[in-house]
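Please read them beside the structure.

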Amino acid sequence: MELRRNRGSLVLAASCVVGGVTVLAVGGDRVLRTLVALGAVVLGGVVLLRPFRFVIGPDGLDVRRPGLRGTYRWDQFDALALADGPPVQGRPWTPRLLGVPGAALPPEVRAGARHPVDGRAAVELLDLAQVRQTPDEVADALARYAADRFTDARARTTAGLVGVDLDFAESLRGYRTERIDELVRRAQAALAHGDAAARQAARAEIEQARAAGLPVALRGYSVLQVDVALDALCAALADPAATDRKTAP
């Protein structure tokens, strides 16, 4: 799967070039105006001409972007995760693809982020704001090719799941609130205080309840939101790095 660069950044860059060229063509004696126009042309040209390639394939990743260039095999990463990025200047967050370096990853690929589940040092491979494909499309490709190395951790970091009330919207024909509250409460308790056996039991309870069919009410919790949260809880409960968590007093 080859990802395509987001059109938005290209349109802005092209506008800078056109605007700068127009100002230069009009001419004038003002040095400042000329310098600004030249700056706009250079900036836009850099954005338009810089290479971008990001391919997710059976053997790994082929990356050509500013700050990261190379072909990386799946076995060069100990783990990969799609995680929520921080809000930037009031804009909503966009997911980022993070990779935990394995022993075979070249040393020049430096880790500057953290895995959202276990906190291991990770490399930011891609900000999905840069591409046209949706996060779900990217997640599907990663799940297909990276298999067990990949975790879809969007809106589902362990820290965001423990000790907080998950605020589900209510909708018609949603999941029955009492049953969901019970499952979430037990899973959060296992994450916060439980040992490996307790987390395994909490995860098994969620999986069994879903396999049997979660009860639906005339008015209940949003099915989509609950499904995402339960996926997140199961992923956190299954995290092997959490097995050494000490029971809180």
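1. Two strands count as paired if DSSP finds at least two bridges between them. Helices (H or I, at least four residues) and strands (E, at least two) are DSSP runs, numbered from the N terminus. With that in place, arginine 96 stands opposite aspartate 127 in E8.

2. This is a predicted model, in which local features need pLDDT of at least 70 and side-chain atom pairs count only at pLDDT 80 or more, while totals for chains, interfaces and linings use all residues. Residues are numbered from 1 along each chain as its sequence is written, and side-chain values use heavy atoms, with hydrogens and water left out.

3. Strand E6 (residues 95–101) runs antiparallel to E8 (residues 121–127), with four bridges, and antiparallel to E5 (residues 77–84), with seven. Leucine 80 has glycine 99 of E6 as its bridge partner. Six of the seven residues of E6 are buried (under 20% relative accessible area; exposed is over 50%, partly exposed in between; 1.4 Å probe, protein chains only).

4. Arg199, Ala202, Glu205, Ile206 and Ala209 of H5 are buried. They cover an arc of only 120° around the axis, so they lie on the same side of H5 (the arc is that of the directions from the helix axis to the C-beta atoms). Exposed on the other side are Ala197, Gln200, Gln208, Ala211 and Ala212.

5. Just after H5, glycine 213 has a positive phi of about 105°.
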